[in-house]
Amino acid sequence: MRTAIITHPYCRKHKMTEEHPECPARLDAISDRLLASGLDIAIEHKTALKADTSHYALVHDQAMIKEVMDKIPNEGLTELDGDTWLCPDSMKAIERAVGAGILAVDEVVAGKLDAAFCSVRPPGHHANQSTSSGFCVFNNVAIAAAYAKTKGVERVAILDIDVHHGNGTQDIFKDDHSVLLCSLFQHPFYPNTAIENHQTLINSPLSAGADGTDLKALVEQQWLPKLQSFKPQLIFISAGFDGHLEDDMGGLKFVEQDYQWFTEQVVEFANSSDCLGIISYLEGGYDLSSLGRSAVTHIKALVEAG
Ligand SMILES: [Zn+2]
């Protein structure tokens, strides 16, 4: 697939407390590994657009947007929740984290790209309409999905493979049946969402210790049949890699080959349907080595599969 990586140097400027796992080095781990892989030359490199309040307001309350902007400190850090902070440059990163998905939607809907990986931070899938939490300020993937709908895309699927439940994305789209959300996650585990399911909400909890065999079973039995009946015109992936065996943030046992297999399934589905393309957004992934390897394996599968 014609694939781009979309990022911006400003995404490194968002810094939280010392030793915070959601750190700028995560993006370096991905870009360094991409360069070393030689895959670098097979993909397009694009610079994220600068998003603005009109984009955030597609899914977030005005009061929440104002609160985030008002809390940007002149120096030091301000706290949004117990594990999410803002620094003086956070807004620069947030604008580009959201803007990456806006550019990706524009390019894919225009037929210029088949796939994009938004290598940005802060992540987004725990942020709901009114609250930032869990390292997430605004919900990047939800904003991009809502933006795609303003561009005439009628049915959107979001596949969330982060070790944590995509609770913010669920809150935002729970009552919107034009958006299918499939989320796998370790359970019980943060953010401890009550599990519910309906026609456009597929929650797939996994016990600690679950591995690629369990991933394959749930994707084949639950997600692929739902994708086939829902017929999304655009697919988003909330690509968290904190379910990797080597990532201490969670207790799942996925390895690079599992992310490869998953990505191949999504590409094959997209190619066999009327889907415009695949837009993947970095969410979690905190062990730098496995994050870099997993993200590049995922990008490689976007490029080569199908
Ligand atoms: Zn996570």
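β5 and strand β10 (residues 278-282) pair in the parallel sense over four bridges; I count strands as paired if DSSP finds at least two bridges between them. Helices (H or I, at least four residues) and strands (E, at least two) are DSSP runs, numbered from the N terminus. This is a predicted model, so I took local features only at pLDDT of at least 70 and side-chain atom pairs only at pLDDT 80 or more, while totals for chains, interfaces and linings use all residues. Residues are numbered from 1 along each chain as its sequence is written, and side-chain values use heavy atoms, with hydrogens and water left out.

Then I looked at the other partner of β5. Strand β1 (residues 3-7) runs parallel to β5, joined by four bridges, and Ala-4 sits opposite Ala-116. Are the faces of β5 (residues 115-118) covered or open? Both are covered: Ala-115 and Phe-117 on one side, Ala-116 and Cys-118 on the other, are all buried (under 20% relative accessible area; exposed is over 50%, partly exposed in between, with a 1.4 Å probe and protein chains only).

**The whole sheet.** I traced eight strands in an open, parallel sheet, ordered β2-β1-β5-β10-β9-β6-β7-β8. β2 (44-47) and β8 (201-206) are the edges; each has a single partner strand, so one side of each lacks a neighbour in the sheet. On average, neighbouring strands are turned by 15° against each other, direction ignored. At the β8 end, strand β7 (residues 179-186) pairs with β8 in the parallel sense over six bridges, with Leu-181 bridged to Leu-201.

**Helices on the sheet.** Helix α5 (residues 140-150) packs on the sheet and touches β6 (156-160), β7, β9 and β10; its direction makes about 175° with that of β9. α4 lies across β1, β2, β5, β9 (234-239) and β10, at about 170° to β10. Contact here means heavy atoms within 4.5 Å; axes are lines fitted to C-alpha atoms, for helices over the stretch in contact, and angles run from 0 to 180 degrees between N-to-C directions.

**Core.** The largest nonpolar core has 97 residues (buried Ala, Val, Leu, Ile, Met, Phe, Trp, Tyr and Cys joined through side-chain atoms within 4.5 Å). Helix α4 (residues 90-109) gives the largest share, ten residues. Phe-262 is among those with the most contacts inside the core; I found it touching residues including Leu-159, Ile-161 and Trp-223.

Most residues other than glycine have a negative phi, and most peptide bonds are trans. I noted two cis bonds: His-187 to Pro-188, omega near 0°, and Tyr-190 to Pro-191, omega near 5°. Pro-188 lies in the loop between β7 and β8, and Pro-191 is in the loop between β7 and β8 too. Phe-135 has a positive phi of about 75° and counts as buried at 10% relative accessibility. Lys-231, with phi near 55°, counts as exposed at 52%.

Definitions and conventions
Lists of a residue's contacts leave out its neighbours within four places in sequence.
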